[in-house]
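Please keep the sequence and the structure in view while reading.

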Amino acid sequence: FPTNDTFTITTNGVVRFTQTSTNSTFSATDVTIPSRKFSITGTGFGSSEGDIVKFGDTESMSVGRIYYYSGTEWVLVDADAESTSKGLLAVALGEESDEDGMLIRGMVTLSSDPGTAGDPLFLSTTAGAAQNSAPTGTGKVVRRIGYCLNSTNNQIYFNPDNHYTVL
């Protein structure tokens, strides 16, 4: 594909791929994508492969930390309270949600070590973090968010469960 030009491919008016020097878009009707391949990410905080959204107009975010969407902005999660643990979760990929994006599912490198490879991961009582054991104590929120992929490089598979329990 050209790197400094814009072009469009259309097949029978159904599939369109547009490439510019800064981004690519794909639109279609009734298209099936049989599989997607995600690789374990690099070691830099916020390194990712997966589903990314860009909205919420939130700035000064901590890269590689976990946030929830309040309906107007992204706020650090915290398993100490239901209000900061429910709803849409994502990992910050940069300082600005609208520009850098928020990973809602996929492979990502967190800013702190969540556990041992293979461990299931849960929201932590440390704001924006994950841990390899469910929080305990009255009022704590238990919500599984994925699995640890590497014991030393903070790499995880992020796939937050839609269900949670308040102890």
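Two residues are said to be in contact when heavy atoms of theirs lie within 4.5 Å. The model is predicted. Its largest nonpolar core has 17 residues, and a cluster of aromatic rings is made up of Phe55, Tyr69 and Trp74.

**The nonpolar cores**

- The largest nonpolar core holds 17 residues, and those with the most contacts inside it are Ile66, Val108, Ile145 and Phe158.
- Six strands are listed as giving two or more residues to this core: E5 (66–69), E7 (89–92), E8 (102–109), E9 (120–123), E12 (144–148) and E13 (155–158).
- Apart from this core lies another one, of 7 residues, which include Met61, Ala90, Ala92 and Met102.
- Residues up to four places away in sequence left aside, Val108 touches Thr41, Gly46, Ser47, Ser48, Val91, Leu93, Leu103, Asn154, Gln155, Ile156 and Phe158.

**The aromatic rings**

- A pair of aromatic rings is described by two quantities, the distance of the centres and the angle of the planes.
- The structure contains 3 aromatic pairs.
- One of them joins Phe55 and Tyr69 in an edge-to-face arrangement, with 5.0 Å from centre to centre and 85 degrees between the planes.
- This pair links distant parts of the chain, for Phe55 belongs to the loop between strand E4 (48–53) and E5, while Tyr69 belongs to strand E5, 14 residues apart.
- Phe55 counts as partly exposed because its relative accessibility is 30%, a value between the limits of 20% for buried and 50% for exposed.
- Tyr69 is likewise partly exposed, with a relative accessible area of 25%.
- Tyr69 also pairs with Trp74; this pair is tilted, at 5.1 Å centre to centre and 50 degrees between the planes.
- Is Trp74 buried or exposed? Trp74 has a relative accessibility of 2% and therefore counts as buried.
- Through ring pairs, Phe55, Tyr69 and Trp74 are linked into a cluster.

**The strand pairing**

- Strands E5 and E7 run antiparallel and are joined by 3 bridges.
- Which residue of E7 is the bridge partner of Tyr68? The partner is Leu89.
- Strands E7 and E8 also run antiparallel, with 2 bridges between them.
- Ala92 stands opposite Met102, a residue of E8; both Ala92 and Met102 are among the residues of the 7-residue core.
- In a regular strand, the side chains alternate between the two faces of the sheet.

Definitions and conventions
Residues are numbered from 1 along each chain as its sequence is written. This is a predicted model: local features need pLDDT of at least 70, side-chain atom pairs count only at pLDDT 80 or more; totals for chains, interfaces and linings use all residues. Side-chain values use heavy atoms; hydrogens and water are left out. A nonpolar core is a set of buried Ala, Val, Leu, Ile, Met, Phe, Trp, Tyr and Cys residues joined through side-chain atoms within 4.5 Å. Buried means under 20% relative accessible area, exposed over 50%, partly exposed in between (1.4 Å probe, protein chains only). Helices (H or I, at least four residues) and strands (E, at least two) are DSSP runs, numbered from the N terminus. Rings of Phe, Tyr and Trp (its six-membered ring) pair if their centres lie within 6.5 Å; planes under 30 degrees apart count as stacked, over 60 as edge-to-face and the rest as tilted. Two strands pair if DSSP finds at least two bridges between them.
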